[in-house]
Amino acid sequence: MNRDWLPIKTTPWTLGLILLALLLLIQITALPQRLDYWLYDRAITASPVRASDDVVLVTIDELSLNRLGRWPWPRNLHAELIAKLTQAGAKMIVLDILFAEPSSGDDELAEQMRNHGNVILPVYLSPPTSQYLLSEQLPVSKLASAAAGLGHAHVELDSDGVARGLYLYNGLGERLWPSLSLAATGKGPQRAETRNIPPYVNVRDQYRAVPLIGGAGSLPAYSFAKVLTQPPSPELFSGKTVFVGATAAGFGDVLPTPFSGLSRPLPGVEFHANVFSAQASGLLIRLAPKWASALLALATILVLALALPSMRPARTLLACATAVGALAGLYLFMLMALRWWVPLASAMIVPFLAFPVSSGLRLAMTNRFLNRQLDDLARSPQVALPAPSGRHPTQLLEYFQALFQPTGWLLTEERNILSRRDLSPADIPEDLRPGHWLHDSNHSWIQLLRGNTRYHLGLVLPNDLGREAIQRYLRRLHLEPTAPANRIARPSENISARIERVRVATDRLNHMQQFIRRSFERMPDGIIVTDELAVIRFANGHIEEWFQEPMPSLGGLPLVKLLEGHDPRETPPWHETVSDTLTLRQSRTVDLRIRDKDFLIHFAPFALPDSDEQGIIANISDISELREQQRQHREAIDFISHDVRSPLVSQLALIEQLKRDPSHIEQSQLDQLGRLARRSYHLAEEFVQLARAEQLTETRFYECEFLAIIENARDSVSEQAVEKQIQLQLQGTEDLWLRGNAELLERAVINLLTNAVQYSPGGSAVSIQVFRAGHQACLAIADEGSGIDPEELPYLFDRYRRQKSSELAGVHGTGLGLSFVKTVVEKHKGEISVWSTPGAGSSFTLKLPITDPMA
């Protein structure tokens, strides 16, 4: 087909549309956002702002913890600090410490706050536990009334986990709290612009990027203990705003920043001090509207699309480099001078795309004729299969035996018998013509000439319904060599000869590679292509992997032998399925099982265009995961239909009973209704948690401290342990850093501790040991309960599996808790093991790989 009607030229329209399409495709990825973050980080870190002289830090560091004791400290220590700062002449004190629970020293602390008059306290927005909605965590009322203002302490983390800014206002519902730095300037809460917002919805307003002074330790800081134990220091604090907060390791209030990344995260209190310093100097950066970035990218496409087509190729690179420089200068001017952050990545990508695209269009226009020829070849691919006429008769007999399973055969070379079964030379018909089959009932004969040697081949086919189809198929086979076609004269002209050589080489070498290797090799399924005799001519990598057969041995192997060797079967036999596909030209789909994995193999006959060659394409799909999902689906349906529905049915029955006699509602009935409702909730919660664990990927991993996770989990089950007078004995003090999802890890440990408390007798103890073993963080939880029967241990972590002894003892579960634990551990590339002796208790050991947070 001639393609002159569609010329490829470098015009503003073609270049502009291609650049626009490529840019839209890139927007689907995370590249533009990552590039924007990188440009911002390089600009901010290359030119850090100057620290305000009016901001200092009082830090709760390791020295303070060593001298004053473990956290939390008595409120009188904070009151004494405020008194010292008041005497030193501090202008403003911002306490980045949440006093959410009453304490005996609240009156003294509130009195000192009133004496100073300018003390700011934080507000945190977080749920009390994982089972509650988001709520405001305010200081106790005595302290809140004594404070000069309240401000939220939340810092916004970007999608890459780095803190670059915060919202000046944040709150629930219609009341928005100012940030700590904004509250220090006298700003109070404001109402959200949108009305009638539910009180549990998190509302944020006025995002600002913060140009930081530097990494951790860039601001002047003084230890809490030293300030407390030394005389007042007016020379350090007079007329200044003092931020008080935690910087000691283990508090968890640390933020990766453009200066530090994950190696030296910035304490939250120091970040808020940076915000206050930048705000006092008018250096906070506004985020430009999204349309500004899109408009800048479109303008760049328009300029380059108009300019590049008329330029010489040598000047194209210079023009694109100039565009990149101009965009970088505009970006820095907006960021540093006007304090506007305009995302520039989309616009900056355009020049990098414009140069290769415009060069490619010029090259395509230059080589259009050759491209037309290659396009024609691509539109009509041909796969060359070895012709059966080139086969030796002994190979043909082997292939016929594998394909049709004849009950008898005979192969002779002149007067010599090469192979026979139930046939003799006396049975050979007299009137055989070379290359033509003669069928007599279920006997089929052919005479073959190979050089000057004459062969006779006879088959005794199964006398069934497929015999006639096989004989018709044999008639279509060309087993005799054909005369070579007349060779086409080569063109003498140089360009035409070159094109002809490309065409011949492409026909000879690329037909198989383009049609099979580029198409079949990239398919998710296994592909086998056979010739007319069901002999494998191509197999992709999946076949080599699944069948564990080396690729050289697959070529030339009959498909029937491959299948029978790995999944032998009698009904229906493989040879019957394969031969029916060839002879009847009908597709077949059959189940296949290889090494405990389930597959679906689809046989499809094919015929090459403009040729008598034909064969089979066998598509093998791995359905093991689908079968497993079907099994899990059935289990989930059974779980929902029985475990989830049973408490709901009981609740409905109890409600109907109460409705019939509402005047005599007993407390026991209400308690029972509550227990049923809680059980329904816990069933649904565990089901959802397991689904979350199964969908966990490493993109949701971050640095977390193992011991802190264990302590949080212990605190979550402490109330349940107290009710049964069970001691939770935690042993371990070393900080062990992991890369994982702390929320799901904590939930997994809670499940283990809950089981230990639930199955332990009252007054016993549960041992919790946290230690390091090589490059692994280890957790061992041992109880003194009834133990687990040995026959139940292999199935302990299966979903919906519940211990028979526990069920009979009245301890009812869902069978999802330990399955959730195992899923979470496996997602973190860890391992879990259990040791148990009936009547002596159980011990669960969890091991997770350690990562270095400073790397």
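Reader: Okay, where does Pro-72 lie?

Author: Pro-72 sits in the loop between α3 (62-68) and α4 (75-88). Those labels are DSSP runs numbered from the N terminus: helices are H or I with at least four residues, strands are E with at least two. Bear in mind that this is a predicted model, where local features need pLDDT of at least 70, side-chain atom pairs need pLDDT 80 or more, and totals for chains, interfaces and linings use all residues. Residues are numbered from 1 along each chain as its sequence is written, and side-chain values use heavy atoms, with hydrogens and water left out.

Reader: What kind of peptide bond runs from Trp-71 to Pro-72, and what is its omega?

Author: That peptide bond is cis, with omega near 5°. Thr-571 and Pro-572 are joined by a cis bond too, with omega about -15°. Pro-572 belongs to the loop between α20 (559-566) and α21 (574-583).

Reader: And what makes the phi of Asp-422 worth a look?

Author: Asp-422 has a positive phi, about 60°, although it isn't a glycine. Most residues other than glycine have a negative phi, and most peptide bonds are trans. You'll find Asp-422 in the loop between β18 (416-421) and β19 (438-440).

Reader: Why are α1 and α11 called roughly antiparallel?

Author: Start with the angle: α1 (residues 12-28) and α11 (residues 290-307) cross at roughly 150°, and their axes come within 8 Å. Axes are lines fitted to C-alpha atoms, for helices over the stretch in contact, and angles run from 0 to 180 degrees between N-to-C directions. Under 35 degrees is roughly parallel, over 145 roughly antiparallel, 65 to 115 roughly perpendicular, and the rest oblique. So α1 and α11 come out as roughly antiparallel.

Reader: Which residues of α1 and α11 make the contact?

Author: α1 brings Pro-12, Leu-15, Gly-16, Leu-19, Leu-20 and Leu-23, while α11 brings Ala-297, Leu-298, Ile-301, Leu-304, Ala-305 and Leu-306. Contact means heavy atoms within 4.5 Å. Sorted by class, that contact has 11 nonpolar residues, 1 polar and no charged. Here Ala, Val, Leu, Ile, Met, Phe, Trp, Tyr, Cys and Pro are nonpolar, Asp, Glu, Lys and Arg are charged, and the others, Gly among them, are polar.

Reader: What makes α15 roughly perpendicular to α21?

Author: Helix α15 (residues 393-404) and α21 pack at about 105°, with axes 7 Å apart. That angle makes α15 roughly perpendicular to α21. Ala-402, Leu-403 and Phe-404 of α15 meet His-575, Val-578, Ser-579, Leu-582 and Thr-583 of α21. The contact splits into 5 nonpolar, 3 polar and no charged residues.

Reader: What volume does the second largest pocket have?

Author: About 590 Å³. On a 1 Å grid over the protein atoms alone, a pocket is an open set of points with protein on both sides within 12 Å along at least five of seven lines, and lining residues have an atom within 4 Å of a point. Of the 19 residues lining this second largest pocket, Gln-33, Asp-36, Leu-287, Lys-290 and Pro-343 are the closest to its centre.

Reader: Which helix gives the most to the lining of the second largest pocket?

Author: α2 does, with 4 residues. Both α2 (31-46) and α11 supply at least two residues each. By class, the lining of this pocket has 10 nonpolar, 5 polar and 4 charged residues.

Conventions: On a 1 Å grid over the protein atoms alone, a cavity is a set of points where a 1.4 Å probe fits but cannot get out, and a pocket is an open set with protein on both sides within 12 Å along at least five of seven lines; lining residues have an atom within 4 Å of a point. Grid points are joined across faces, edges and corners, and a volume is the space filled by probe spheres set on the points.
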